[in-house]
Amino acid sequence: MGHADKTKPPATRSGLRPPPHEPRDAHRHEGSLEVEHAIKVSDVVKAYPLGTGEFIAVDHIDLDITPGEFVAIIGRSGSGKTTLLNLLAGIDRATSGSIHAAGSDLGRLSESGLAGWRGHNVGLVFQFFQLLPTLTVVENVMLPMDFVKKIPLAERRDRAQELLSRVGVGDQADKLPTTLSGGQQQRAAIARALANDPSLLLADEPTGNLDSHTAEAVLELFAELNSEGRTIVVVTHERDIRSIVGREVTLMDGRIVTDESVSAGAVR
Ligand code: ADP
Ligand code: MG
């Protein structure tokens with residue numbers, strides 16, 4: 001299938017109208033040395049308080065991810081995958097070490113700075129979709145646009161509709177999320193993740209609640225989004241993820257035990 005040829009510069013993402021300004025790159029040069037990385041995790045520890053002591057969920061991790069990579073994070077339940085992904089998303093803060101992502105040093109951002117950074121730069125996809133049940137599907141996709149205010153107000157509904165069409169659920173736009181199948185809800189959630197045209201997509205077991213056929217289709221969609229130049233990190237249990245991603249990182253007890261390039265896109 002048409003997986004990204006990493007030697008080619010990424011094509012324009014999304015095929016939709018570009019946002020009026022390009023804030024994605026606006027602060028990319030601020031930190032000077034971090035330009036080469038989409039994500040740079042340096043000696044990161046995440047410790048949770050536990051009774052008298054603490055539990056180390058992420059244990060001195062170093063991880064560099066370059067722009068346009070498609071990385072799978074695998075490992076047993078409890079190995080620290082969600083903790084690591086939440087750190088990358090700025091949902092949680094590292095106990096020590098540093099995380100640079102999409103041009104910012106996350107540890108240096110305030111809570112509101114972090115929320116703004118995330119809104120501009122990160123699309124998040126979860127196992128249980130997390131669409132708001134009282135809003136229609138298209139309203140769910142508009143929500144991050146309303147929060148970030150990068151897409152002009154007058155364009156938001158059309159853009160949301162286009163994104164839904166793009167991921168294959170354009171005809172579900174005016175329904176409430178719970179009336180959709182799991183696969184359709186996850187597609188809608190991916191459209192929502194793309195709302196502000198983020199450079200980084202982070203997904204935590206996005207296929208964990210889908211049947212295997214639907215799961216494969218969702219992973220194909222991620223591959224397509226990656227081929228447009230988006231950096232993607234996906235936590236997954238899928239056995240056949242190797243045929244889609246370019247790199248597989250295995251966690252065990254909060255540490256990286258293997259970090260392998262895998263030949264993505266060769267077959268399928
Ligand atoms: P995975 O996603 O790989 O299943 P997690 O990152 O969710 O693993 O969890 C890693 C470890 O950290 C687990 O042992 C879990 O119990 C522990 N953990 C996760 N969140 C918390 C928390 N808020 N407080 C205490 N321990 C936690
Ligand atoms: Mg998890």
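Mentor: What follows is a look at the shell of the ligand and then at one helix.

This is a predicted model, in which local features need pLDDT of at least 70 and side-chain atom pairs count only at pLDDT 80 or more, while totals for chains, interfaces and linings use all residues. Residues are numbered from 1 along each chain as its sequence is written, and chains are lettered from A and ligands numbered from 1 in the order in which they are written.

Around ligand 1 stand Tyr48, Phe55, Ala57, Gly75, Ser77, Gly78, Ser79, Gly80, Lys81, Thr82 and Thr83, each with a C-beta atom, placed from the backbone, within 6 Å of the ligand. By class, three of these residues are nonpolar, seven polar and one charged; here Ala, Val, Leu, Ile, Met, Phe, Trp, Tyr, Cys and Pro count as nonpolar, Asp, Glu, Lys and Arg as charged, and the others, Gly among them, as polar.

Strand 2 (53–65) and helix 2 each supply at least two residues of this shell, and the largest share, three residues, comes from helix 2. Helices (H or I, at least four residues) and strands (E, at least two) are DSSP runs, numbered from the N terminus.

Helix 2 itself, residues 81–88, is mostly covered, with six of its eight residues buried, a word that requires 20 or more other C-beta atoms within 10 Å of a residue's own, all placed from the backbone. The buried residues are Lys81, Thr83, Leu84, Leu85, Leu87 and Leu88, and after the helix comes Gly90, whose phi is positive, near 70 degrees.

Terms used:
Buried ≥ 20, exposed ≤ 12 C-beta atoms within 10 Å, placed from the backbone.
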